[in-house]
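Open the model in your viewer and keep the selection tool at hand.

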Amino acid sequence: MQLTGAPTHAANYGSQWWRSAIIYQVYPRSFADSNGDGMGDLPGITARMDSLAALGIDAIWLSPFMSSPQKDAGYDVSDYRDVDPLFGTLADFDDMVARAHELGIRVLVDLVPNHTSDQHAWFQAALAAPEGSPERAFYHFMDGRGEGGSLPPNNWVSMFGGPAWTRVTNPDDTPGQWYCHLFDSSQPDLNWENPAVQLAFEEILRFWLDRGVDGFRVDQPHAMGKAAGLPDHPDVERAGAGFIEGEPSPPMWFQESVHPIFRRWREILDSYDGERAMCGEAYVLPLSFMALWVRPDEFHQTFNFRYLDSEWKPEILFRSINESFEAFDSVGAPSTWVLSNHDIIRHASRMGGVTGRPTASDGIGPNDPQPDRELGLRRARGATLFTLGLPGSTYLYQGEELGLPEHTTLEGKYRQDPTFARTGGARVGRDGCRVPLPWEAGVGAANGFNETGLAWLPQPELYAEYSRDQQEGVAGSTLELYKQALALRKSLRIGEGSFAWLPQFTNERALGYRNGDVLVIHNFGTDALPLPQGKILVASQNGLAEGQLLDPDQTVWIAI
Ligand code: NOJ
């Protein structure tokens with residue numbers, strides 16, 4: 001079977017950095033812990049920044065570090081202009097940015113505008129203020145339905161399980177209004193129709209831009225707008241908290257009203273020197289629809305969720321890559337490519353067989369079928385090399401350069417993701433991909449994450465063998481594979497390059513494409529694959545030499 005119907009993508013050499021950048025996601029809680037309290041911190045990141053420079057990345061995206069009660073690992077912000085003491089101080093932040101810039105690494109910070117923490121001063125003021133007050137207008141407060149308003153105002157459900165509404169108690173102890181939270185009850189949704197909210201965030205953007213950040217990763221921008229009157233989700237039975245692709249947008253997702261907000265943000269970024277950029281976590285599908293978010297005057301990038309969600313199968317990837325170039329090229333935006341992040345099962349485990357869970361954000365628990373580690377790592381290395389050859393910008397998630405698997409046997413007593421508690425453990429949640437990184441095998445119980453061995457989530461025993469020091473300089477290690485590929489990507493300008501399928505490698509056994517003078521081929525079949533002639537630049541298959549066959553699950557880059 002030959003897969004047909006293919007776009008081409010023209011090279012874009014010399015373009016802005018964000019069009020082709022390798023952006024590495026640092027999850028501060030779990031990157032490196034300088035003070036030994038078991039929680040990663042900003043000085044820990046600064047101290048280890050040179051290892052990121054050695055990896056060959058262009059930028060980091062720093063997951064939340066702002067003040068927060070940590071009910072959703074920092075995605076519940078109580079002060080957008082300060083660093084949570086868990087992670088350090090604003091001075092530590094400045095030092096970290098300075099060190100990154102010294103090493104030529106740009107810094108994007110996570111901005112969470114859809115909701116605040118319930119401990120934010122705005123929400124506390126709203127609780128203390130009467131119904132209909134300007135303070136309440138910062139959020140979505142509504143009267144309940146039914147007798148005495150005892151039922152939620154509509155049928156929306158939370159992404160983390162349970163209703164998307166919580167009822168407040170009035171100062172005189174009588175039951176009051178309800179507030180909307182698309183996530184945890186500790187994360188009330190802001191009312192983005194309110195100009196005061198819009199202005200407040202413009203100042204927050206400037207606060208961080210003035211501190212020298214190179215831009216933002218924007219959390220849940222597609223949730224910020226809500227249809228007027230907050231009507232029922234018309235299809236909550238089928239869609240749950242989400243939406244059904246191709247059907248009209250439910251009242252809480254990707255409303256038209258949000259686009260002027262991002263245009264305004266773009267103007268603000270553009271008014272600063274350098275090329276400041278913002279990436280939207282806009283879960284909007286199909287991609288032709290997502291492309292509206294990266295029109296020239298809106299976001300610079302969005303995460304390519306189509307690629308991330310694609311099963312590792314040739315016909316699915318073929319379609320997803322075609323859809324990506326068609327959609328993003330139509331608005332002159334780069335596609336991004338991503339295989340792992342802090343919300344989904346690490347790809348080294350996801351690709352290792354059945355997860356036993358309906359979605360990758362539901363994690364893998366001790367009672368689920370366990371992935372095949374060897375198969376998962378082999379496929380993950382092949383998948384990464386295949387992905388790194390694509391033109392556009394690529395996101396890496398900390399630890400994937402070590403081939404790190406998910407912690408799949410984490411006991412319930414350690415789990416902190418609100419999903420676990422809100423579903424009574426039915427969905428184990430995302431903690432398994434958030435476990436502290438191993439740096440030096442055998443240094444403390446957490447392998448060099450710190451010296452005390454304390455860790456907010458315990459590492460599985462097998463992490464020692466994945467430690468960075470076990471792979472540094474070791475030919476064939478996953479870390480060296482990443483370094484080699486990233487160095488080639490830079491020297492051959494792969495990220496700015498072109499794309500065209502190789503017709504002889506678009507079938508159920510293989511996918512191959514050409515980027516400039518480089519051929520990238522992945523073997524999806526069960527038999528070894530003959531390769532075209534040319535110099536082997538890099539391969540996930542250790543020791544592969546010219547004239548040899550490419551084994552199943554492996555990828556090679558060949559210069560022609
Ligand atoms: C998306 C973030 O990536 C996730 O970790 C978080 O729980 C939700 N947004 C809510 O902020």
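An axis here is a line fitted to the C-alpha atoms of a helix over the stretch in contact, and the angle between two axes is taken between their N-to-C directions, from 0 to 180 degrees. Please keep in mind that this is a predicted model.

**Stop one: two helices side by side**

Select residues 195-210, helix α6, together with residues 259-270, helix α8. Their axes come within 11 Å and cross at roughly 30 degrees. Angles under 35 degrees count as roughly parallel, so α6 and α8 are roughly parallel to each other. The crossing of α6 past α8 is right-handed.

Now show side chains. Which residues make the contact between α6 and α8? From α6, pick Q198, F201, E202, L205, R206 and L209; from α8, pick I261, R264, W265, I268 and L269. Colour them by class and you will find seven nonpolar, one polar and three charged residues in this contact.

**Stop two: the ligand**

Next, select the ligand and its surroundings. There are 13 residues around the ligand, and the closest are D72, H115, D219, H342 and D343. Zoom in on D219: an N or O atom of its side chain is 2.7 Å from an oxygen atom of the ligand. For a ligand nitrogen atom, turn to Q220, which has a side-chain N or O atom 3.2 Å away from it.

**Stop three: another helix pair**

Move on to helix α13, residues 373-388, and helix α16, residues 478-491. How are these two arranged? The axes of α13 and α16 are 10 Å apart, at an angle of about 10 degrees, which means that α13 is roughly parallel to α16.

Display L377, R381, T384, L385 and L388 on the α13 side, and T478, L481, Y482, A485, L486 and R489 on the α16 side, to see the contact. By class, it holds seven nonpolar, two polar and two charged residues.

**Stop four: two backbone details**

Finish in the loops. Between β10 (277-280) and α9 (287-290), select P286. The peptide bond joining L285 to P286 is cis, with omega about 5 degrees.

Last, select N447, in the loop between α14 (418-422) and α15 (468-471). Here phi is near 50 degrees, a positive value in a residue other than glycine.

Terms used:
Residues numbered from 1 in each chain as written. Predicted model: local features only at pLDDT ≥ 70, side-chain atom pairs only at ≥ 80, totals over all residues. Heavy atoms only, no water. Helix = DSSP H or I, 4+ residues; strand = E, 2+ residues; numbered from the N terminus. Parallel < 35°, antiparallel > 145°, perpendicular 65-115°, else oblique. Left-handed = near helix turned anticlockwise from the far one by under 90°. Contact = heavy atoms within 4.5 Å. Nonpolar A, V, L, I, M, F, W, Y, C, P; charged D, E, K, R; others polar. Near = heavy atom within 4 Å. Polar contact = N/O pair within 3.5 Å; in protein donor to acceptor, adjacent residues only side chain to side chain.
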